[in-house]
Amino acid sequence: MERLLVTGGAGFIGANFVAHALAHSEARVTVLDKLTYAATREALDSLPGDRLELVVGDVADAGVVGPLVDVADAVVHFAAESHNDNALADPSPFVSTNLVGTFTVLEAVRRTGTRLHHVSTDEVYGEAAADEWFTESSSYAPSNPYAATKAGADHLVRAWVHSYGIDATISTCANNYGPWQHVEKFIPRQITNLIDGQPPKLYGAGRQQRDWIHVADHSAAVWQVLAEGRVGETYLIGAEEVHTNLEIARMLLEIFERDPGELEFVADRPGHDQRYATDPTKVRTELGWTPTHTDLSSGLAACVDWYREHESWWRPVKAGVEARYAARGQ
Ligand code: NAD
Ligand code: TDX
């Protein structure tokens, strides 16, 4: 593979994947990114510029996507609106980017026959039951606007494989954490609150469970699926680290050497899914992938250090994010 097109490659996970691809191959990487509020352009700055090109554009624009796909050997599609609370406030860009954007990519690869990997989320399976773990045979049951657009995109990919024989794979991943994640998301929001002397803010009673994976492990898994995944297959990616939000907040309080009871309970998210849990057996056994960040508390401690060292990046947007949450009682 000589030329790789990565949509959403200036985002949290996309930029991490671009770094992984450049480090593990000689490929030239073109990033197509609209540079929305969520883009982390700085994350690309330290990468080898001679093999990396950034094209600023909309993944839902066929006139932009088509020529880039024409010259690519493979496409990895990360571009999405990704934050649930934003989708609840205004689902419109989620439909445009997540659904129409994926459709646009699919139509381009249908024309050229280019290999596609589509990046999706565990949220497409809806809320897991108390002891349930999602597997490749779990039913799609998205329960919120963001998840519905991601599930719809997955269905488009599956239909294009089935009807047109395109060469595509899908991965659905658990919740990611790590460097360059926007401070609107749970872990960076709480780390930066703690840096500011504020308590972690938990929705409802903080009893919801999420399954956490380090972003670098997600990137490595996507790279492996791209190389060795079977056409038409979906691979579930996760590190089997299911915790309540309360437990994560307490781990962070411990890292900051603060009182474990220093918590603030705020308005819950409407329609909040109680549990996600991903069984990664297939990607482990079929592709030999395994996560390397296996100690969540040390992963969180490294993340805390990173946010302390990169305050100049997140500080300009922190107050605006908190003002939007405060307006919703969160
Ligand atoms: P992010 O919000 O940090 O980044 C998304 C990137 O896409 C940004 O750089 C943004 O500018 C770009 N983008 C948005 N709209 C675009 C458009 N119309 N055209 C081109 N670029 C556009 O998201 P993320 O957390 O890095 O997630 C990346 C992908 O991984 C998404 O598809 C998401 O659904 C999926 N995913 C995320 C997680 C997670 O925990 N964050 C877990 C599983 C799957
Ligand atoms: O301040 C908060 N307090 C809180 O209790 C925030 C921002 C969140 N939460 C809760 C909501 C969730 O139960 O923490 C959990 C994680 O929240 P988010 O970071 O918003 O993630 P989530 O809604 O689980 O979705 C994430 O994982 C799946 C990503 O944002 C998606 O892009 C991915 O597909």
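Tyr 125, Phe 134, Tyr 140 and Tyr 276 form one aromatic cluster. Rings of Phe, Tyr and Trp (its six-membered ring) are taken as a pair if their centres lie within 6.5 Å; planes under 30 degrees apart count as stacked, over 60 as edge-to-face and the rest as tilted. The model is predicted, so local features need pLDDT of at least 70 and side-chain atom pairs count only at pLDDT 80 or more, while totals for chains, interfaces and linings use all residues. Residues are numbered from 1 along each chain as its sequence is written, chains are lettered from A and ligands numbered from 1 in the order in which they are written, and side-chain values use heavy atoms, with hydrogens and water left out.

By the rule for rings, the count comes to 14 aromatic pairs. A pair of aromatic rings is described by the distance of the centres and the angle of the planes. The rings of Trp 180 and Trp 306 have centres 4.9 Å apart and planes at 70 degrees, so this pair is edge-to-face. The pair links distant parts of the chain, 126 residues apart: Trp 180 is in the loop between E7 and helix H7 (186-195), and Trp 306 is in helix H11 (residues 296-309). Helices (H or I, at least four residues) and strands (E, at least two) are DSSP runs, numbered from the N terminus. Trp 180 and Trp 306 are buried, where buried means under 20% relative accessible area, exposed over 50%, and partly exposed in between (1.4 Å probe, protein chains only).

For Phe 186 and Trp 212, the ring centres are 6.3 Å apart and the planes are at 25 degrees, so the pair is stacked. This pair also links distant parts of the chain, with Phe 186 in helix H7 and Trp 212 in strand E9 (residues 209-214), 26 residues apart. Both Phe 186 and Trp 212 are buried.

Two rings have a charge over them, a term used if NZ of Lys or CZ of Arg is within 6 Å of the ring centre and within 35 degrees of the ring normal. The charged end of Arg 110 sits over the ring of Tyr 164, 3.9 Å from its centre. Lys 282 lies over the face of Tyr 235, 4.6 Å from the ring centre.

The next topic is ligand 1. Around ligand 1 there are 29 residues, of which Ile 13, Asp 33, Ser 82, Tyr 146 and Lys 150 come nearest; a residue is near a molecule or strand if one of its heavy atoms lies within 4 Å of it. The shell around ligand 1 divides into 14 nonpolar, 10 polar and 5 charged residues. Here Ala, Val, Leu, Ile, Met, Phe, Trp, Tyr, Cys and Pro count as nonpolar, Asp, Glu, Lys and Arg as charged, and the others, Gly among them, as polar. E5 gives the most to this shell, with 3 residues.

Polar contacts are pairs of N or O atoms within 3.5 Å; within protein, one must be able to donate a hydrogen and the other to accept it, and residues adjacent in sequence count only if both atoms are side-chain atoms. An N or O atom in the side chain of Ser 82 is 2.7 Å from an oxygen atom of ligand 1. For Tyr 146, a polar side-chain atom lies 2.6 Å from an oxygen atom of ligand 1, and for Lys 150, an N or O atom in the side chain is 2.6 Å from an oxygen atom of ligand 1. The protein covers 96% of the 830 Å² of accessible area that ligand 1 has on its own. Accessible areas come from the Shrake-Rupley method with a 1.4 Å probe; for residues, only the protein chains shown count as cover.

Ligand 2 has 21 residues around it, and Thr 121, Tyr 146, Arg 189, Arg 269 and His 272 come nearest. An oxygen atom of ligand 2 is 2.7 Å from an N or O atom in the side chain of Thr 121. Glu 123 has a polar side-chain atom 2.8 Å from an oxygen atom of ligand 2, and a polar backbone atom of Phe 186 is 2.9 Å from an oxygen atom of ligand 2. The protein covers 95% of the 650 Å² of accessible area that ligand 2 has on its own. The shell around ligand 2 divides into 5 nonpolar, 9 polar and 7 charged residues.

Arg 269 lies in the loop between strand E12 (264-266) and helix H10 (281-287). At 15% relative accessibility, Arg 269 counts as buried. The side chains of Arg 269 and Asp 85 are joined by a polar contact of 2.8 Å.
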